[in-house]
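Below is a short report on the chains of one model, their contacts, surfaces and a helix pair.

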Amino acid sequence: MLQTSSFSLPQMSKPSRFMQIVCLLLMLLGVSSSPAFPHASLISSTPSDGETVSVHPVLAILQFNEPVSVTSISVIASDGVQHSLQADTHQDHITVTLPSQLPAGSQVISYRVISADGHPVSGSIVYSLGAATQINGVTVSTFVVTSGIWLARWGLYIGLLGAVGGAFFVNWIAPAPAWTISWLRAAAALGVVSAALSVGLQGLDMLGAPLSTLLSLRAWAEGWRSSLGTSALVVALACVGAFLSLRSSPKILTRSLSIVALAAVGTAFSLTGHASSAEPQWLMRTAIILHGAVAAVWVGGLLPLAAAVRAAPTQSLPAVLRFSAVATLAVAALAATGAILSIIQIETWSALLLTDYGRLWIAKLSVVLMMLGLAALNRFVLTPAMAAGPQAGNRLVRSIGVESVLALLLLAVVTGWRFTPPPRATSTTPVSAIHLHMHGIKAWAHVGLSPSRAGLVNLSAMILSATSHPIDAKEVVFLFSNLMAGIEPFQRKAVKTPDGDWVVTMIPLTTAGLWTVHAEVLISDFEKELMEAQLKILP
Amino acid sequence: MRKTKKVIGLGVFFLSVAAPVTVLAHATLEQQKAAVGSSYKAVIKVPHGCGSEPTLRLRVQVPDGMVSVKPMQKPGWQLDVVKKSYDKAYQYRRGASLTEGVREIKWTGKLSNDDYDEFVFVGYLSDTLKPDTVLYFPVIQECEKGSERWIEIPAEGKTSRDYRFPAPGLKLMLPSSN
């Protein structure tokens, strides 16, 4: 140890210089003779790693095997917000007061401590409040929130299609009585309010938060950031456009405004939802835009049509004929675009019966067929009879009334798709999975993680030798960290399946971004292979 | 020069104070430098059990190139060795060729988590070992539940500091000229 005594010392004049030298000497001695590595490790914690608690704990306690001091400790809540925590150190354990209002889901307590000899040690504990954060950002929302989402979406469809389609009818097909215009304005207002509510509810759904927190800024910010945010904005603009186009003049302006609103309907639908993310994008998006706009023409035209016929049962024949011509084109366009969307989304005949998405599709098509039956009756029987007298006109009004009720039912069914992924999305798992190759010296691992979105992720790994033969490893442990998000590594032990794969389920990779995965493979008692890879988790 | 001595004295003093703290750490070797072609007494320092449990067995893997290994008995501990052939024949002192010997040592007993202990064996560092490299002695601490495996060997460009459970390492030096 004294070999460092030959170290030549400069002349010392100040005590600070003196201390510097002492420190330097200590470091030299420490490095050259005894690089003993410290090892403070977390023995236990409350809540413990992986635990699910029903009531949120006030305190968290971290027990180490030796005295530590805290550099930083924070909790990354299930909504991705990082809260710095104040720690009280009591020798070998530390206590922290947790924030009182954390949203449900998986919370990560990330710590950095310094052991007695000055070596930093870091790690994370993941616990869940209520239930662990769900896969794909689809959280388990309460029945109330789910019903709210459904109602708001239904209101959005009714208001949007009613107002925009109605405005189109009034501007291009035939004028409508004043009371109808008021109804259409009310529909536009319903559309705007529902669109706004949808954003907040979507936020709650993503956070897994209860309805009582609807007024929190966080829920709205979250909803706004999702694809629904932009879509809802376009919906609101379309409704405003329809509202303005209901003015009587100038005709040129209101007419073009109603067309713009119609285009906005399709655009709004193409900005969010399952279909707009499917390939080929150009085809899917075009089909959605057309489908949405044309649906508005048909559905939204029903009320002003009925009103016009009721006001003048016989004189309104030209208007009915004009709508009939437009509606025929509309039905053709709806059928064509609907077929394209269905084929790509559903993929197989069996999926129609076996998936919720398929069952909703059957329900929707049943309602559509009923509406088409009525439309055919209106067009081929009731419309020609109109010339004969007012009786046929009244029957036509009743028929259109039934058709409108069916249209409302149809929109209610369509809303259900918000809650079911199409067979395409569920059958093509590789799309949402990540595959990694992790390389060591004596072994490598083929690792699959799915889904690739923030939430609970499942991992499956095949461990192979350098020559790609399966290795019967004794133990496999994975560590996950996301230092950008402030999440220090937390570890999960893999379980061996009968086919020799190693799996870890429900890994809380709850924050989007670049994660680092370490694999520690125990090949034999004395041989461990360490591998590292990075993966990108989408929001 | 008086001042210099004082500084060194202080340094040694600080180190002696710091030392008991620094050994509250990984399983490590007491003497972490040795010349190839010489005898080496390995003292494995074990500062604690697995987390909070006592250590019930300590296993050391004798690295390739360390031959003619003899472990030291410990009172209260049962000693077992695993003898196997070496990866190749090694030249020992005076031209003797060794092809087999102790490859693993096991001490079975009980070391409370609150206590510190040392495990000793001697052997010869073959002159075929490369100076300026590190020879690693993987150690397993077996406890009531689970074990702590000090078996991680740094990859190229990394040091033991980059690992959570590094194997104790011995820096090999050039043979001394005399």
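## Contacts within the chains

In chain A, 66% of the contacts with a separation of 6 or more join residues 24 or more positions apart; a contact means heavy atoms within 4.5 Å. For chain B, the corresponding share is 69%.

This is a predicted model, in which local features need pLDDT of at least 70, side-chain atom pairs count only at pLDDT 80 or more, and totals for chains, interfaces and linings use all residues. Residues are numbered from 1 along each chain as its sequence is written, chains are lettered from A and ligands numbered from 1 in the order in which they are written, and side-chain values use heavy atoms, with hydrogens and water left out.

## Burial and surface

Chain A has 539 residues, of which 50% count as buried (under 20% relative accessible area, 1.4 Å probe, protein chains only). In chain B, buried residues make up 47% of 178.

Chain A exposes about 24,800 Å², with 67% supplied by carbon and sulfur atoms (Shrake-Rupley method, 1.4 Å probe). Chain B exposes about 9,300 Å², and carbon and sulfur atoms supply 52% of that area.

## Secondary structure

Chain A contains 12 helices and 18 strands (DSSP runs: H or I of at least four residues for helices, E of at least two for strands, numbered from the N terminus). Chain B has one helix and 12 strands; from the N terminus on, the order is α-β-β-β-β-β-β-β-β-β-β-β-β.
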